[in-house]
Amino acid sequence: MILVGRDRIEAFVSIFVTFLPHELSALLYSSSTFFFILSAYFVVLPLRDEGAISLGLGNLPSLFVGSLILTLFAAPLSTLIFSLPNLSKSKALVLIHRFFGVTLVAFYILWLFSTPGSSPFNIKGLLSVSSTLKQELKMEVSHMSTPNSSSWSNHGWFYVSVRIGLFLWVALLNLITISSTWARVIDVMDSESGSRLFGFIGAGATLGQLCGSLFATGMAWLGPYLLLVSAVLMELAAQSSKGIKKDVLQLPEELSPIRGSRVIPQFMESID
């Protein structure tokens, strides 16, 4: 049953990309990991932007500059983690994804506690938060003629700190998780296999971006609960990243890449 299922998967994937049988596992897990990362990022992106806009449109340039500076300082972080001698690269990647998933849960709690009249366990509070954000967005859009005016002075320090923190943290999530995953993929695949497979892996990221955006658009009424959805997706990315590793199956060098499903059954019979 396992071989039959694998044959079908190989036959389907071979429609889109040329691969060797021992590359299938790393290929699928790499693509799915990027799918979950980009889905998580684009699910939480509208909430991040809403929180930033509620602080005033005139403050957006400062927030973008802050996120740029933060990412420049944090860029070597993933390299440092991967270079730790007592931590395998596979486990380090899992911990990175899981860490960002946990922090998104923390931001969910902070977001609700920083919003007046809301509670982490009150669905009415959720609807109240969503309606409050909509009203704030309408007010900001109506005052676009004075974009330089600051409005975060109208909020408490806790409210402002959480919105700024989430804005900067989501930018860091995007940088660290994607760069770390690519570093792991490059470590597993050589230049020849990468030239064939990177396009398919990148397609997983593009599909994740599309699905995450569509979900966030259709489920915008969830408000801060989108943070929990994003956290679940990051945990799925952590689980999927465990499969990004070299297959123990060693193939003869003269074996040519598989291009169609007709070659697959013959190869499977030869190794049985």
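Of the contacts in the chain with a separation of 6 or more, 82% are accounted for by residues 24 or more positions apart, where contact means heavy atoms within 4.5 Å. The model is predicted, so that local features need pLDDT of at least 70 and side-chain atom pairs count only at pLDDT 80 or more, while totals for chains, interfaces and linings use all residues. Residues are numbered from 1 along each chain as its sequence is written, and side-chain values use heavy atoms, with hydrogens and water left out.

The chain has nine helices and zero strands; helices (H or I, at least four residues) and strands (E, at least two) are DSSP runs, numbered from the N terminus. Buried residues make up 43% of the 272 residues. Buried means under 20% relative accessible area, exposed means over 50%, and partly exposed lies in between (1.4 Å probe, protein chains only).

Helix α4 (residues 89-114) packs against helix α8 (residues 226-241) at an angle of about 170 degrees, with the axes 8 Å apart. Axes are lines fitted to C-alpha atoms, for helices over the stretch in contact, and angles run from 0 to 180 degrees between N-to-C directions. The angle makes α4 roughly antiparallel to α8, since angles over 145 degrees count as roughly antiparallel, under 35 as roughly parallel, 65 to 115 as roughly perpendicular and the rest as oblique. By class, this contact has 14 nonpolar, five polar and two charged residues. Ala, Val, Leu, Ile, Met, Phe, Trp, Tyr, Cys and Pro count as nonpolar, Asp, Glu, Lys and Arg as charged, and the others, Gly among them, as polar. The residues of α4 that meet α8 include Leu-93, Phe-100 and Trp-111, and those of α8 include Leu-227, Met-234 and Glu-235.

Rings of Phe, Tyr and Trp (its six-membered ring) pair if their centres lie within 6.5 Å; planes under 30 degrees apart count as stacked, over 60 as edge-to-face and the rest as tilted. By this rule there are nine aromatic pairs. One of them, Tyr-41 with Phe-42, is edge-to-face, at 5.1 Å centre to centre and 90 degrees between the planes; both residues are buried. Phe-99 and Phe-100 also form an edge-to-face pair, at 5.5 Å and 70 degrees. Phe-99 counts as partly exposed because its relative accessibility is 45%, whereas Phe-100, at 3%, counts as buried. Ring pairs link Phe-34, Trp-182 and Phe-198 into a cluster.
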